[in-house]
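Okay, thanks for having me, everyone. Let me put the structure up, and then I'll walk you through a few things I looked at.

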Amino acid sequence: LFDLILVDAPCSGEGMMRKDPHAGDQWDPALVVQCASVQASILAHAWAALRPGGILIYSTCTWELSENEQQVARLIANGAEVLEIPLVPEWGIERSEREGGMGYRFYPHRVRGEGFFLAMLRKPGTISAEAAQRIERTEHQEVRPWLQDDPEQWISEHGDLLFALDVRWRTVVERMTKAMRILSPGIPVAERKGDAWRPHHALALNELLRSGHFPVIELSPDEALHYLRGNSLKGSNAHDVALASYQGHPLGWLQGAGTRWNNRWPVRWRIRMQPR
C-alpha cells in the first residue's frame, strides 16, 4: 500500500549511552537478542505493507550488527535493493558494509549528534501512478457550497462527521480504511446536529472554507478573548451560522439566537485562565 515507510525501531540503545546514563544501565546481551527479534518482526510487516517500487528507511540508535546490518541482509535476501546515500566527508558519516548488509553509521564522536544507524532500501517492482478519480458530485450536496472547488473534494461520512479529502487520495484512503482504523480520513468539515449538518470547527480554521459563504463577525480584542473563553456575544437580529474573526483571521463559529451569538468554540480549547 505505502510508497514510503520509515521504521525507527526499538533497539538496545548503545548510540544513546553518552547522552543518557540509563541507556548504559539497561544494556544487556539478552536485550540485544530481544530487540533483534522485535525488529525482524516489525520489518517483516513493514516490508509486506510497502508497495512494489517503494522505499523503506530503517534506523536504530545502536551499533549491534544483529540489529543493523544483519536485519538489512535479511531484507536483501527478500529482494531488497540497497540505495546509496550521497555523503559529504565533512559530515563524518561512515558507510558500513558487513554481514551481507549495508547501511550508514553515525558515531557521536564524529557527527553533531548522538549515535545511530540508517539504511535505505527499495522493494522490487515499479510504482504505478494511479489516475486521479472524478466522482459524482451527488453526495452531501448541502455542504459542498461551504468548500473551495479547487482541488475537487471527496466527501466521506464517518459516524456523525463529514470529512473532505482531495479526490486524488480517495482510493488510497479507502484501501487504508479496510486495513486499519483511520481516526481522521481528511479534514473534518461538518458535524451532525439532529437531522442536519453544521460546519465543523476545523473547517473554520482551514483554507478549504469558501470565502464569503458565511457572514463574518469581526471582533474587537476584548470580544475575541471573550469568545476564546467560550462566552456568548451580544448581537442584534442574530440568526443562522456566522464566522467569528479577529483582524481578518477566522476563529470559529457562532450560532445566532436573536439578541446574542451563541459560542461554538470547542470546550476543550477554551481559555480558562483569567487576566490579572
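So, how many disulfides does a search of the whole structure find? The search comes back with 0. Keep in mind that this is a predicted model. The pair you'd want to check is C11 and C61. The closest cysteine sulfur to that of C11 is in C61, at 3.2 Å, and that's too far for a bond, because a disulfide needs the two sulfur atoms within 2.5 Å. As for where they sit, C11 is buried, at 13% relative accessible area, while C61 counts as partly exposed, at 23%.

Okay, on to helix packing. Helix α2, residues 29-49, packs with helix α3, residues 69-77, at an angle of about 35 degrees, and the axes are 11 Å apart. The crossing is right-handed. On the α2 side, the contact uses A36, Q39, A40, L43 and W47, and α3 brings in Q71, R74 and L75. Sort that contact by class and you get 5 nonpolar, 2 polar and 1 charged residues.

Last stop, helix α6, residues 221-228. Which of its residues are buried? Those are A224, Y227 and L228. They cover an arc of only 95 degrees around the axis, so they end up on the same side of α6. And what covers them? The cover includes strands β12 (233-238), β13 (241-246), β14 (249-256) and β15 (258-263). One more detail here: α6 is followed by G230, which has a positive phi, near 95 degrees.

Key:
Residues are numbered from 1 along each chain as its sequence is written. This is a predicted model: local features need pLDDT of at least 70, side-chain atom pairs count only at pLDDT 80 or more; totals for chains, interfaces and linings use all residues. Side-chain values use heavy atoms; hydrogens and water are left out. Axes are lines fitted to C-alpha atoms, for helices over the stretch in contact, and angles run from 0 to 180 degrees between N-to-C directions. Helices (H or I, at least four residues) and strands (E, at least two) are DSSP runs, numbered from the N terminus. A crossing is left-handed if the near helix is turned anticlockwise from the far one by less than a right angle, and right-handed if clockwise. Contact means heavy atoms within 4.5 Å. Ala, Val, Leu, Ile, Met, Phe, Trp, Tyr, Cys and Pro count as nonpolar, Asp, Glu, Lys and Arg as charged, and the others, Gly among them, as polar. Buried means under 20% relative accessible area, exposed over 50%, partly exposed in between (1.4 Å probe, protein chains only). The arc is that of the directions from the helix axis to the C-beta atoms.
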